[in-house]
2 protein chains.
Amino acid sequence: MQQAIAVLDSGVGGLTVVKELMRQLPQEKVIYFGDTARSPYGPRSAVEVRIFTRQIVDYLIQFNPKMIVIACNTATAVAIEDIRERVSIPVLGVISPGARAAIKHTRTGVVGVIGTEGTIKSKAYEHALKLISPNIQVYSEPCPLLAPFVEKGLFGREQEQEIVEQSLQPLIGKPIDCLILGCTHYPFLMEPISRVMGPDVTLISSADETAREISTILYHRDRMETSGKLPIHQFFCSGEPTLFKRITESWLKDQIAITPVVWQVPTIF
Amino acid sequence: MQQAIAVLDSGVGGLTVVKELMRQLPQEKVIYFGDTARSPYGPRSAVEVRIFTRQIVDYLIQFNPKMIVIACNTATAVAIEDIRERVSIPVLGVISPGARAAIKHTRTGVVGVIGTEGTIKSKAYEHALKLISPNIQVYSEPCPLLAPFVEKGLFGREQEQEIVEQSLQPLIGKPIDCLILGCTHYPFLMEPISRVMGPDVTLISSADETAREISTILYHRDRMETSGKLPIHQFFCSGEPTLFKRITESWLKDQIAITPVVWQVPTIF
C-alpha cells in the first residue's frame, strides 16, 4: 500500500501546496484535509489553533502517511513544534521553506512578508529569516481580509484587485526586493498581488517552496515514490463540501484530470 | 569548535556553490578543496574520478565536518553512492538539487542539460529527472571546452561569448524552457550563456540550488549554525595556488571581505 503525504490547512489554502506537489512529484499520493468548518484560523488564539491542528493530525495519522505537511502558515507558526513532538514521521511547515527561498532570492537583504494576523503576530517569519541570516531586514504586514476572500471562492472576480490593493498599501514604497506570500491562500491572488507590487518585487510562494522541500526531504530519506503508477488521492473537509469541492476541482483541474480522487467529509469534530 | 561544511570540486567550479552557501548561510564555516592539480575531471574515466573523490573525502574527513558537498557534477554522477557508503555524515551532490529545481521551473516539461563529457555520458540528470517525473523530456549536450576555460581564469574576457556560442549551438531552437547548468563551473559564464539562450529559457544553476538544499538539510537535521559569530573558512588546492587564489579572491570578494580565510596547499597526492 502506497504511503501518502498528508497535507492539512484551515481550508482551501493548502491546495496551493498540493497543486505544486502534484506537479513536482506526480507519483506521490496526497491525503488532504481542509478544516473548512472552522476556517479562518488567522484571527484565532494560538491555543485554539494548536488544538485544531492536533485534532486533524490525530485523524490523518490513521492513514499511515510518510510525512505530515502543515500547509497553513498560521498553524505552522504556533503548532509545528507541538506536532513534531507528537508524531514520529517528518513534519514540514510552510514558514522555513519560504524564509529560505527569500534568502536565496533577495539581493538587497530587505524582505517583505504578508500573512494572517496570527502569523504576523507570531513573528515566525522574522525569526526564521534572522536565524539563518541575522542582518536581514523585514517588513511585515497582516492582511486579514485575503484568506477569507479566497475561502469564499471570490478570487478571479473583479473585487480582487481592490481588496489586494487595500491590503498591500502599507508596503508600497518600502525598499523590499521580494515579498513572501506568508499564507497558503495567497497564491490564489498571485496576479493581482503581482500587479500591485510591480515587476521589481519577486513574489515568494511558500506553497511552491514547500513542495520543493518535500521533494528534497523525501529524496534524502530515500522515501520517494518511484513505482511509475498513478496514485489515488483523498480529500477531506470538515464543513459543507459543495464549495470546497468546487474550489478544489477548479484549482487542481490539470492535476486531477489525470489522477483519480476520492472525496470524503468526516464527522469527527 | 564549529563543525564545517566540507565542499570539494575538481578545481574552482565548486566556488560557485561556496559563494551561494556563504551568501545564504553566512554563519556556516566552509572548508573547500579544489583538486586543481588534476583538473579537469570531465574527460577522465568514472573509475579514476571515483578514486580522486575518495582521496579528497578521506583528507577532508579529518576536519570533522558536519556535511560533505560534492560540488562537482562529474564526481557526483559517478562517485556519490560510493562516498555515501564511506562516511556517516550527510553527503550532498549537485545533480539532484538541479533536477528538482528544473522540475519546479519547467512549464513545458522539456528541459535542457549541459555538462562535461563525463556527466552527460553518465545520464545522471536524465535519470534524476525521470525518477521524479517520468514524462519529462530531456535534451543533453556535453560542453567539454567550458570548464577548462573557467579553470584557466579566462571568464569575463572577450573570447567567452564565442566559446559559449559554439558550445551551445546544438541546443538552439530546441523546445526547452529551462537549461540546467550541469557543471559548477558554468555559473562563471552565466552572462554569455544567458545571452545565447535568450530570455525565454530559465537557467538553473546547480550551484545555487545545492546551497539552498544544504540549508534545508541542515535545518531539518537541526544542525544549523546560529551562534551569530563569523566563521573562519579554509581553502585548499592540490596544485600551484597562485591562479586558484586569484580566482577565489575575485569570485568570492564580497563574501571573504567580511569573513577571514585560511589558505593551504596540502601535499597529499
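Here is a short walk through the predicted model shown above, from the single chain to the pair. In this predicted model, local features need pLDDT of at least 70 and side-chain atom pairs count only at pLDDT 80 or more, while totals for chains, interfaces and linings use all residues. Residues are numbered from 1 along each chain as its sequence is written, chains are lettered from A in the order in which they are written, and side-chain values use heavy atoms, without hydrogens and water.

Let's start with chain A, which has 12 helices and 10 strands; helices (H or I, at least four residues) and strands (E, at least two) are DSSP runs. Its C-alpha trace spans about 50 × 40 × 35 Å along the principal axes.

How much of chain A is buried? The share is 60% of the 269 residues, where buried means under 20% relative accessible area with a 1.4 Å probe, protein chains only. Among contacts in chain A with a separation of 6 or more, 77% come from residues 24 or more positions apart; a contact means heavy atoms within 4.5 Å.

Now for the second copy. A rotation of 180° with 0.0 Å of shift along its axis superposes chain A on chain B, with RMSD 0.0 Å, by least squares on the C-alpha atoms of residues with pLDDT of at least 70 in both. The two copies are therefore related as by a two-fold rotation axis. The same surface serves both, since 100% of the contact residues of chain A recur in chain B.

Technical notes: Buried means under 20% relative accessible area, exposed over 50%, partly exposed in between (1.4 Å probe, protein chains only).
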